[in-house]
Amino acid sequence: MLRAVSRSSQCAARAASTAPAGSQKGPNIVLVDSVRTPFVTSGTLFKDMMAVDLQKEALRGLIRKTGVDYKLIDHVICGTVIQECKTSNIAREAALLAGFPDKIPCHTVTLACISSNVAMTEAMGMLSTGYANAVIAGGTELLSDVPIRYNRKARKAMLGIQKAKTPMAKLQIGAEIVKNLLSPELPAVAEFTSGETMGHSGDRLAATFGVSRREQDEFAIRSHTLAEAAARGGKMSDIVPVFVDGKKPVTVKADNGIRVSTLEKLSTLKPAFVKPHGTVTAANASFLTDGASAALIMTEEYALANGFKPKAYLRGYQYVAQDPKDQLLLSPAYVIPKIIEKSGLKLSDIDVFEIHEAFAGQVLANLNALDSDHFCKTFMGRSGKFGRLDMEKINRWGGSLSIGHPFGATGVRLATHAAGRLKEEKGRYAVIAACAAGGHGVGMLIEAYGK
Ligand SMILES: CC(=O)SCCNC(=O)CCNC(=O)[C@H](O)C(C)(C)COP(=O)(O)OP(=O)(O)OC[C@H]1O[C@@H](n2cnc3c(N)ncnc32)[C@H](O)[C@@H]1OP(=O)(O)O
């Protein structure tokens with residue numbers, strides 16, 4: 001199964017390529033190519049599908065697009081957040097549905113909104129150790145349908161009924177079940193430890209860092225405007241079409257959440273989470289989305305030996321975690337300096353930033369944090385502020401506010417757009433950064449291929 005290349009040839013490939021940034025060890029790792037299904041607003045075009053169907057479409061699309069022979073693939077890893085219990089190892093089920101040979105091991109990972117980043121970084125680990133030469137990493141989320149449970153009392157009674165010995169005991173348990181049927185437990189996009197929704201936390205964060213409602217609305221309009229231009233300009237070439245069967249069969253070829261609006265219209269929207277004085281609305285928040293993604297990741301040597309032209313180097317990554325109550329969505333501020341500096345680079349060396357847009361106010365708060373002496377000294381132990389990121393370098397093809405945010409799939413989309421923008425903008429280094437539940441975050445350094 002394993003086709004690990006020899007140590008000496010790995011070294012030769014490393015020497016032949018661009019010198020990696022910083023202290024990267026192990027073989028050069030490349031993003032060969034990546035795809036995603038269209039990202040669509042939940043409850044619309046994909047509403048009757050399952051998350052596994054979308055992941056299957058992304059895996060199949062990747063195979064079609066790259067032409068990679070299944071025989072070359074050592075492992076498949078997929079991320080997801082809200083799990084469908086019938087497909088708990090969704091990577092395996094999707095791979096089998098997509099026609100992958102059953103001999104390829106597959107496993108599923110989860111780390112909230114950065115789950116497909118985890119899939120990618122696990123793939124990098126597998127390549128670094130020599131366990132694998134080629135791994136597919138992806139992720140999926142279908143928020144159109146989420147597991148809704150009976151409440152605890154009903155569940156307990158349902159499990160207990162099998163053990164009830166007498167008709168009277170059965171009747172009592174039956175009554176308990178009926179009594180609790182109408183108060184189900186709905187999953188919430190909320191922190192378990194604090195009970196606070198992401199939206200509420202994003203609103204508090206914007207207020208803490210002095211981000212006004214107008215700034216948030218303007219940033220949202222920017223995201224939609226850039227995404228629309230990117231789509232019109234053919235930049236969303238990572239999308240693979242999805243055929244949706246049903247009464248009215250349709251082939252979905254594009255994202256459907258991009259919606260350029262005016263400041264006047266946006267200013268009329270009511271706060272979505274902190275009522276009545278909050279600043280986060282439906283338009284300056286990412287919306288609930290269905291979609292999936294997949295990336296083919298190889299050692300450079302293996303990719304070249306098998307005739308692939310990689311899109312980019314995956315140079316390194318960094319995870320961070322902090323207080324999930326007051327710094328829940330602040331990870332980009334923590335992780336951006338870390339990933340840049342541990343790679344031996346400076347802020348000015350980075351040509352492209354792809355920052356996950358959970359909420360407009362959250363992105364802007366992170367940018368303010370990086371430009372704040374007080375924040376950088378007090379919370380990050382720095383001697384002063386890290387500096388302000390150049391807005392011209394950030395999310396120039398739109399972001400999660402406009403393209404959408406299927407939790408488990410977004411990480412691969414960020415990496416794909418970073419690699420695509422490096423090529424188009426003739427840059428060398430890109431940093432992607434994203435926040436996630438639990439106060440987590442990830443940063444990844446990507447380098448243009450062939451610079
Ligand atoms: C680490 C992380 O990523 S954390 C982030 C995790 N993600 C989240 O927490 C998801 C956050 N988002 C949500 O929960 C939902 O999208 C909400 C609650 C914000 C909004 O949901 P809904 O109320 O169903 O939104 P809906 O689409 O109906 O929009 C509400 C109104 O805003 C309007 N609107 C929404 N977006 C736009 C836009 N871009 N331009 C103009 N108007 C808009 C709608 O037309 C609608 O107006 P109407 O009431 O006149 O019809």
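**Entry 1: Ala-119**

In which helix does Ala-119 lie? I looked it up in the model, which is a predicted one. Ala-119 lies in helix α4, which covers residues 115-128.

Is Ala-119 buried or exposed? I found 33 other C-beta atoms within 10 Å, so Ala-119 is buried. The cut-off for buried is 20 or more.

I then checked a pair, Ala-119 and Gly-257. They are 138 residues apart in sequence. In space, their C-alpha atoms are 25 Å apart.

I moved to the loop between β4 (106-109) and α4, where Ala-112 lies. Ala-112 is not a glycine, yet its phi is positive, at about 45°. I counted 20 C-beta neighbours inside 10 Å, so Ala-112 counts as buried. The threshold is 20 or more.

**Entry 2: the domains**

How is the protein chain divided into domains? The assignment gives domain 1 as 7-147 + 289-312. Domain 2 is 149-185. Domain 3 is 198-234 + 315-446. I also noted the distance between the centres of domain 2 and domain 3, taken over C-alpha atoms, which is 47 Å.

**Entry 3: the largest nonpolar core**

Which residues touch the most other members of the largest nonpolar core? I noted Ile-297, Ala-415 and Ile-446, in a core of 134 residues. Strand β11, residues 429-436, gives the most to this core, namely eight residues. Both domain 1 and domain 3 give residues to the core, so it lies between them.

Two packed helices are described by the angle between their axes and the distance between the axes. I looked up both for two pairs.

At what angle do the axes of α2 and α3 cross? Helix α2 (residues 51-66) and helix α3 (residues 90-97) cross at roughly 60°. Their axes come within 8 Å. That angle makes α2 oblique to α3. The crossing of α2 past α3 is right-handed. On the α2 side, Ala-51, Val-52, Gln-55, Lys-56 and Leu-59 make the contact. On the α3 side, I wrote down Ile-90, Glu-93, Ala-94, Ala-95 and Leu-97.

**Entry 4: α7 against α12**

Helix α7 (residues 198-208) packs on helix α12 (residues 360-370) at an angle of about 40°. The axes are 8 Å apart. Here α7 is oblique to α12. The crossing of α7 and α12 is left-handed. From α7, I noted Gly-202, Asp-203, Leu-205, Ala-206 and Thr-208. They meet Gly-361, Gln-362 and Ala-365 in α12.

Ala-157 is in helix α5, residues 152-160. It has 20 other C-beta atoms within 10 Å, so it is buried. What does Ala-157 touch, not counting residues up to four places away in sequence? I found Ile-173, Glu-176 and Ile-177. Ala-157 and Ile-173 are 16 residues apart along the chain, and their C-alpha atoms are separated by 5.6 Å.

Ala-321 is in strand β9, residues 312-321. With 14 C-beta neighbours inside 10 Å, Ala-321 counts as partly exposed. Leaving aside neighbours within four places in sequence, Ala-321 is in contact with Gly-438, Gly-439 and His-440. I also looked at Gly-404, which is 83 residues from Ala-321 along the chain. Their C-alpha atoms are separated by 24 Å.

**Entry 5: backbone checks in loops**

Which peptide bond is cis? I found the bond from Lys-275 to Pro-276, with omega near 5°. Pro-276 is in the loop between α9 (263-266) and β8 (289-299).

Asn-395 is in the loop between α13 (373-378) and α14 (400-403). Its phi is near 45°, a positive value in a residue other than glycine. Asn-395 has 28 C-beta neighbours inside 10 Å, so it counts as buried.

How values were computed: Residues numbered from 1 in each chain as written. Predicted model: local features only at pLDDT ≥ 70, side-chain atom pairs only at ≥ 80, totals over all residues. Core = buried A, V, L, I, M, F, W, Y, C linked by C-beta atoms within 7 Å. Buried ≥ 20, exposed ≤ 12 C-beta atoms within 10 Å, placed from the backbone. Helix = DSSP H or I, 4+ residues; strand = E, 2+ residues; numbered from the N terminus. Domains from an automatic or database assignment. Axes fitted to C-alpha atoms, helices over the stretch in contact; angles between N-to-C directions. Parallel < 35°, antiparallel > 145°, perpendicular 65-115°, else oblique. Left-handed = near helix turned anticlockwise from the far one by under 90°. Contact = placed C-beta atoms within 7 Å.
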